[in-house]
Amino acid sequence: MKEHDLVVIGGGPGGYVAAIRAAQLGLNVACIEKESALGGTCLRVGCIPSKAMLESSELFQMAKNHLAEHGVSINADSVKLDLPAMLKRKDGIVSQLTKGIDGLFRKNKITRYLGHGKIVAPGKVLVEGAQPEEIVCKNIVIATGSKSAPLKGVEVDNERIGTSTEALAFPEVPGTMVVIGAGVIGLELGCVWSRLGAKVIVLEYLDRILPGMDSEIATEAQKIFTKQGIEFRLGMKVTGAKVSGKKCVVTCDGAEPITADRVLLAVGRIPNTENLNLDGVHVAYDNRGRIQVDQHFQTTIPGIYAIGDVIGGAMLAHKAEEEGMAVAEGIVWGHCHVNYDAIPAIVYTHPEIASVGKTEDQLKEAGVPYKKGSFPYMANGRAKAIAANEGRAKVLAHAETDRVLGVHIIGAHAGDLIAEAALAIEFGASSEDIARTSHAHPTLAEIVKEAALAVDGRAIHF
Ligand code: FAD
């Protein structure tokens, strides 16, 4: 029987990072992944392919509608979409990156098992693959990720009515696409197909989009996306969706049924714990299927740990990665830490939306006294130069200590700008610290500096 110090179940950003970090720390590590490609949801059918499609569709949109304002004249009617080429480019990027993880595993001497991992007992895992085999180990990390949540009445056929996986590879641009759920995944993929020519209707149960993000920024985002042609129907309770011939019919409480060519169900994701034998080994999970862990990511059973989407918290690749590093260090060193206040979240639409720390809504609810500084993109020179006039940055700082509590940005490259804010929160910086730091001119980063200056009413350029 094969023996390892650590067996990681799942080769996504949580699992492969845990495996690599543990190997760096000298453990004999194995990773069991049921898909032939490593990298998990993120690399195969999540972060990476969606960002490839967002970039390509944005360039298409740019060529069609926005080059003229830069004095680059082309005949917009001659701009043609080659969807197979776009999809092939995306698949090529996924293939390169997933193979890259194979390379990292070889470099770090991590044993890879292809198959479904099932915990037989603490210290014993069965790999259900072409040739089932049992492996023994000192520790197990469960990093099995998540899957798309179902919705009662919505009959997913994984073709016309599908999840994000199908929406990353539609073979043609749908005439009409209904997106159920105005969260990050629904909006990103809705934007892709809208830019490529689909009429996109987003149905959302709540009375706002992007639940969980700063509501002021979300309202601004909705206005911008509406101008871009996306239709939002808020406060809609979807009761069903069915394929009918080559169309789909979506029904909602108190509204006319909607006929569409494709439906994307994007109402959230649920932990993936199928056939892991959690009950058999007494690993506890909550009523939403999230495995319960302590501050060292240990489950209710010593020697069995869990990280990433399969436990609570934000379902984000970089959060899973931080936990992957931490769990390995905790196993070897006995201590580890992840600062959840400093985990940014980004929506890769155009403009991007990025956020770290507390939202204004959370501060109000918790009764924390705060000051706020805001600065618009349109007052920044670089933003003008790159025709990125929409959006703003908002810095929230404690009213008494000035410590930065949250930063929220909507605008071009917000996803890159937020890194500075995450660092500020990680270092316990004040808004004054950001305001006093020299930011190169002309850069979009000056927007964050000016928003920090605005916390005490001293923004220079607005
Ligand atoms: P996963 O990446 O889901 O990996 C789990 C792996 O475990 C999978 O490969 C699965 O096959 C394997 N597995 C499951 N059960 C078993 C078993 N029993 N045995 C063996 N293998 C098993 N996050 C971001 O931060 N930024 C983004 O831009 C972003 N975009 C996204 C876009 C889309 C369309 C989607 C769906 C998600 C996106 N996410 C994004 C979320 C991100 O993909 C996840 O948060 C991240 O992948 C979670 O990492 P993980 O390691 O916990 O799980």
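Which of the 35 residues around the ligand come nearest? In this predicted model, the answer is a set of glycines: Gly 10, Gly 12, Gly 40, Gly 145 and Gly 308. Here is a short tour of that shell, followed by the annotated positions and a look at two of them.

**The shell around the ligand**
- Two or more residues of the shell come from each of these elements: α1 (13–24), β2 (29–33), α2 (40–45), α3 (47–66), β4 (116–121) and α8 (317–333).
- Sorted by class, the shell holds 18 polar, 13 nonpolar and 4 charged residues.

**Positions annotated in UniProt**
- An unreviewed UniProt entry gives the feature "binding site" to Lys 51, Gly 117, Thr 144, Gly 145, Ser 146, Asp 309, Met 315, Leu 316, Ala 317 and His 318.
- These positions do not all gather at one spot, because they span 268 residues in sequence and the farthest two C-alpha atoms lie 29.6 Å apart.

**A look at Gly 145**
- Gly 145 sits in the loop that links β6 (133–142) and β7 (146–148).
- This glycine is buried: 26 other C-beta atoms lie within 10 Å, and the cut-off for buried is 20 or more.
- Leaving aside residues up to four places away in sequence, Gly 145 touches Gly 10, Gly 12, Gly 40, Thr 41, Asn 272, Gly 308, Asp 309 and Val 310.
- Among those partners, Gly 10, Gly 12, Gly 40 and Gly 308 are also listed with the residues that come nearest to the ligand.

**A look at His 318**
- His 318 belongs to helix α8.
- With 17 other C-beta atoms within 10 Å, His 318 counts as partly exposed.

How values were computed:
Residues numbered from 1 in each chain as written. Predicted model: local features only at pLDDT ≥ 70, side-chain atom pairs only at ≥ 80, totals over all residues. Near = placed C-beta within 6 Å. Helix = DSSP H or I, 4+ residues; strand = E, 2+ residues; numbered from the N terminus. Nonpolar A, V, L, I, M, F, W, Y, C, P; charged D, E, K, R; others polar. UniProt positions renumbered as here; feature names shortened; annotations may be inferred. Buried ≥ 20, exposed ≤ 12 C-beta atoms within 10 Å, placed from the backbone. Contact = placed C-beta atoms within 7 Å.
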